[in-house]
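Okay, thanks for coming, everyone.

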Amino acid sequence: MADARLPSGFSDLDGFADWALPTEAARAQRRRDSTLDDIRKFYDAMLPRLMATLDYLNGFPLDRMPEPERRLFDLSLAFAEIAPFVEQYGRTILPENFDERRFVPVRDNPTTGAR
Amino acid sequence: MSEFDKFWIEDYPDLGTDPVSTEPCISPDYYRLEQERLFSKVWLKVGQDEDIPKPGDFFVKDIACCNASVIVVRGVDGVVRAFHNVCSHRGNKLVWDNTSEGATNAFRCRFHGWSYGTDGRLIAVPDEKMFYGLKRADCGLTPVAADSWEGFIFINLDPHPAENLKEYLGEMGDHLGGFPYRDFPTRYIYRAELNANWKVCLDAFSEAYHVVFIHQQTVGAINITKENPMHHPLSVRLYRRHRSAVVQGNPDFKPTPTGAIASRFGLTSMERGRGMETLPPHINPERRNDFNFDLNVIFPSFLIHVRPGEYFTHQFWPLGPGRTLWEGINYLPAARNAGERFSQEYSHLMRRNAWLEDTSTMEATYAGLKTGALRHFMLSDPEILVRHGYKVLEDQVGFYRDRARGDRTDG
């Protein structure tokens, strides 16, 4: 899909572009809906590219990124969502039984003070 | 004895060492007294200056346990005031807006059109000539005491508060004053409604005994040191109502691959030993590199935890004897670029995961207490903040004081 492309230098990650979701709630839901194998594949592909990704994105203004860069940025935030579940938990949901969906990120985090 | 095995009760012997009754957590009578003598009498944090930066900005805070709805507004004169969200004519709710926040020059009741200025004065009454000697000056909005400290806005529902906010905060105000709160304008906010008494929730965040167990896979290794394997507090300070402790971190913690990258772009919650110089002199005064955070409970249920590069808060609002609104907020600097924003995302998600672990115990604990099986909590010395909490709560509420006097509400 032409409209789901990542910046040209990061086309090796194109296969994971559907993780580039715009909200924390959506990224967490995607993680919960995935298998451990799914998130491991994403983790293994993205981790070696993470430094390059962030160095590259630092060249763009945070609030005015072109679409492909914005998508790559959302992909990096999705990586932040799944990484602890690979590195620490070895599962896609927390071992405790509290239903995460009851834990509501307010106003699609983050908010600055100004309302 | 290791420096970590101090018994803090020696500094606060008046607290005693007896088991602590579970009754305040489950008794509907205790809850009724809390409504009457606690939440409607003390200063409660309801927001921050940054929530209403400009004249006319306002928000509405509902305080369910006091059946109160309060408008907090910055007047055209820049002063923050609070009023009951109740029209002075027939008592209708004044601000109905779903989002309960906005900016306005005046509040107009939708029932009969009475209008009030942002200073609460009654400024317009439709068909005013048909009233019998109505004096507008006597019919302003009912004020609620409001004051601010370090940018946090507090209200007090008592029409005549026994103390002003500064007196109420006392030594805690001095201890926590001077932290650069305004340097951390970005908020990551979570809310959850929990089927538990508010104190069950508060207590879960008032000790670090649980860290070894509940947080084994998240923040265990990063906090627990070889020398202090049960994660005892590094210091404890108990005030007249408020309380404080220092939670240790493990400076020898080996970060995960992602944690290491996140740290290259910003100071994260998953770091130990960095940034101590950013703290005010009285927080971690010895500049120990095993300092994780300064845990502070502002009576009754507002927690401010400060550490290098960020602070985070919890607040517990009773919705009933067995239901609580929890709000957790991570406060971080404004991210200037994608790397910093990524670092913040990793940082606050690690804390979210730990909070999910914390909240997982609360409903089960409350359900357990509700069975009536347990009459008393056995509290260890590192749980001294929990013990202090029940002591100062009873000082305020007087449930057992009444009982000892033989007072009965049911005759």
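**Starting from one residue pair**

So, B:Phe59 has B:Val72 of S4(B) as its bridge partner. Before I go on, some housekeeping: this is a predicted model, where local features need pLDDT of at least 70, side-chain atom pairs count only at pLDDT 80 or more, and totals for chains, interfaces and linings use all residues. Residues are numbered from 1 along each chain as its sequence is written, with chains lettered from A and ligands numbered from 1 in the order in which they are written.

Back to that pair. S3(B) and strand S4 (residues 68-74) of chain B run antiparallel, joined by six bridges. When I say strand or helix, I mean DSSP runs numbered from the N terminus: helices are H or I with at least four residues, strands are E with at least two. Two strands pair if DSSP finds at least two bridges between them.

Why is S3(B) largely enclosed by the rest of the structure? Because five of the seven residues in strand S3 (residues 57-63) of chain B are buried, meaning that 20 or more other C-beta atoms, placed from the backbone, lie within 10 Å of a residue's own. And a reminder for anyone looking at side chains: in a regular strand they alternate between the two faces of the sheet.

Zooming out, what is the strand order? The open sheet has seven strands of chain B, S2-S11-S10-S5-S4-S3-S6, with antiparallel pairing. At the edges sit strand S2 (43-48) and strand S6 (101-103) of chain B, each pairing on one side only. From one strand to the next, the twist averages 30°. Strands S10 (residues 143-149) and S11 (residues 152-156) of chain B share five bridges, and B:Asp147 stands opposite B:Phe154 in S11(B).

Helix H3 (residues 165-176) of chain B lies across S2, S10 and S11 of chain B, at about 30° to S10(B). Axes here are lines fitted to C-alpha atoms, for helices over the stretch in contact, and angles run from 0 to 180 degrees between N-to-C directions.

Now the domains. Chain B splits into domain 1 (3-29 + 171-403) and domain 2 (43-161), with bounds from an automatic or database domain assignment. Their C-alpha centres are 33 Å apart. Domain 1 of chain B puts 10 residues into the contact and domain 2 of chain B puts in seven, where contact means C-beta atoms, placed from the backbone, within 7 Å.

Last bit: the other chain. Chain A has four helices and one strand, in the pattern α-α-α-α-β. How many residues does each chain bring to the contact between A and B? It's 36 from chain B and 35 from chain A. H8(B) gives the most on the chain B side, with 13 residues. There's also a strand link: strand S1 (residues 104-105) of chain A and S12(B) run antiparallel, joined by two bridges, and A:Val104 has B:Arg191 as its partner.

Technical notes: Contact = placed C-beta atoms within 7 Å. Buried ≥ 20, exposed ≤ 12 C-beta atoms within 10 Å, placed from the backbone.
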